[in-house]
Amino acid sequence: VTGTDMAAARTMACLSVASLARPFSSRVSSASCRAAVVAGGQRASLLGASQPRWALAATSTALRRRANRGFLTVEAKKKGFAELLGDIVPKDEDYNGRPRLEKGKVSAKQHVPNSIPKPPYADTGHLPPMNEDPQIHDAEGEEKMRAAGLLAAQVLDYAETIIKPGVTTDFIDQKVHKMIIDAGAYPSPLNYGGVPKSVCTSLNECICHGIPDTTELREGDIINVDVTVYLDGYHGDTSRTVCVGKVTDEVRRLVDVTEKSLAEAIKICKPGTAVRKIGATIHAIADEAGFGVVEKFVGHGVGEEFHSGPTVRHHRNNDPGVLVKGQTFTIEPMLTIGRTADRMWRDGWTAVTADGKWTAQCEHTLLITDDGVEILTASPMKKTERFPAKEATAA
């Protein structure tokens, strides 16, 4: 690799550093640039799409290989007590009595009627240009974001009701797809950079962007279902990790602490809050509980565009930027029982923990209000102190 190549790589890291899964960052410190290696641009971490346009300028073979993952990923120096202590599972052992995940058979993409309005990438699979600016809405835009967020929440609630041992992740995709199109919306992940499915289903050690297939759920599993809908020109994005039957105490604590970290991060959000405080809040809670924080995948702006600025890191960082009224974005922490290093499957989307230990994620789309924050994807079905329920309406 020549000096010119390295300079180009550093420039791309500074422009794209952000992390599946979600991409987005622009202005970062030189220290952050040195610590980060871009693997597919801002969108790479989101779902792992095809090679972003900007990656064509890279001359390094290694960078090209990583760019093929698509979506937004970032590799950074590991931090945190849990990260240092995480034990690696020997290659010939399983975690929690469950064999390592293997790719199942992926069925064909599902049909979307022509009558349903689609995002720009729906037919071509090409990723739109990445906008590093935050998405800020007027009153009409805020109402449309509320509608998209509510539908996403209702779809996720429905998905949870069909999760049980013996169900395949492909079955979940089929049911989610039908509910979304029946509501006159488009399933945002479908064909986003070539993603073949309408929802992401991340099982056990899968960190994010799991592609639904013939894999069957088993008693004691956990599964993250990540739903995004495109309704009336706006995206609503949400996910949570669901326990399949009875799980171990350690796994249940992982899921609970992940939800707690999201809830506490949401509480600090208001106009003027530094974006970096979100990651500091999440990381402190994870450290106290002894869990790792995945740094490679990040939260992002969402609205008329699926992904935009700001990059919302879930670990301690020194990124610039503050939240502003009318802004919509996601927070979606991923915590691990073991180490946070990942291995990407050949499908270019599925990211699993390298040590095979399990991981949990939860996500909400948020709107900054005059003096605080509104959870646009709060569940109508699951009213909790952490995430107050929205008023349910017909989907």
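Biologist: How many helices and strands does the protein chain have?

Modeller: The model is predicted, and the elements are counted over the protein chain. That chain has 18 strands, and its helices number eight.

Biologist: What share of the residues of the protein chain counts as buried?

Modeller: The accessible surface of the chain is about 15800 Å², and carbon and sulfur atoms hold 52% of that surface. A residue counts as buried when its relative accessible area is under 20%. Among the 395 residues of the chain, the buried share is 59%.

Biologist: How many disulfides does a search of the whole structure find?

Modeller: A disulfide needs two cysteine sulfur atoms within 2.5 Å. For Cys200, the closest cysteine sulfur is that of Cys208, and at 8.0 Å it is too far for a bond. Cys200 is also buried, at 1% relative accessible area, and Cys269 is buried at 2%. Over the whole structure, the number of disulfides found is zero.

Biologist: Which elements give two or more residues to the lining of the largest pocket?

Modeller: The largest pocket holds about 360 Å³ of space. Its lining has 20 residues, and those nearest the centre are Arg240, Thr241, Glu259, Lys382 and Phe387. The elements with two or more lining residues are strand S8 (234-243) and helix H7 (249-267).

Biologist: How many charged residues are in the lining of the largest pocket?

Modeller: Sorted by class, the lining has six nonpolar and six polar residues. The charged residues in the lining number eight.

Biologist: Which strand gives the most to the lining of the largest cavity?

Modeller: The largest cavity has a volume of about 130 Å³. Of its 16 lining residues, Thr201, Ile211, Asp213, Thr215 and Trp345 lie nearest the centre. By class, the lining has six nonpolar, six polar and four charged residues. With three residues, the strand that gives the most is S5 (residues 200-203).

Methods
Residues are numbered from 1 along each chain as its sequence is written. This is a predicted model: local features need pLDDT of at least 70, side-chain atom pairs count only at pLDDT 80 or more; totals for chains, interfaces and linings use all residues. Side-chain values use heavy atoms; hydrogens and water are left out. Buried means under 20% relative accessible area, exposed over 50%, partly exposed in between (1.4 Å probe, protein chains only). Helices (H or I, at least four residues) and strands (E, at least two) are DSSP runs, numbered from the N terminus. Accessible areas come from the Shrake-Rupley method with a 1.4 Å probe; for residues, only the protein chains shown count as cover. On a 1 Å grid over the protein atoms alone, a cavity is a set of points where a 1.4 Å probe fits but cannot get out, and a pocket is an open set with protein on both sides within 12 Å along at least five of seven lines; lining residues have an atom within 4 Å of a point. Grid points are joined across faces, edges and corners, and a volume is the space filled by probe spheres set on the points. Ala, Val, Leu, Ile, Met, Phe, Trp, Tyr, Cys and Pro count as nonpolar, Asp, Glu, Lys and Arg as charged, and the others, Gly among them, as polar.
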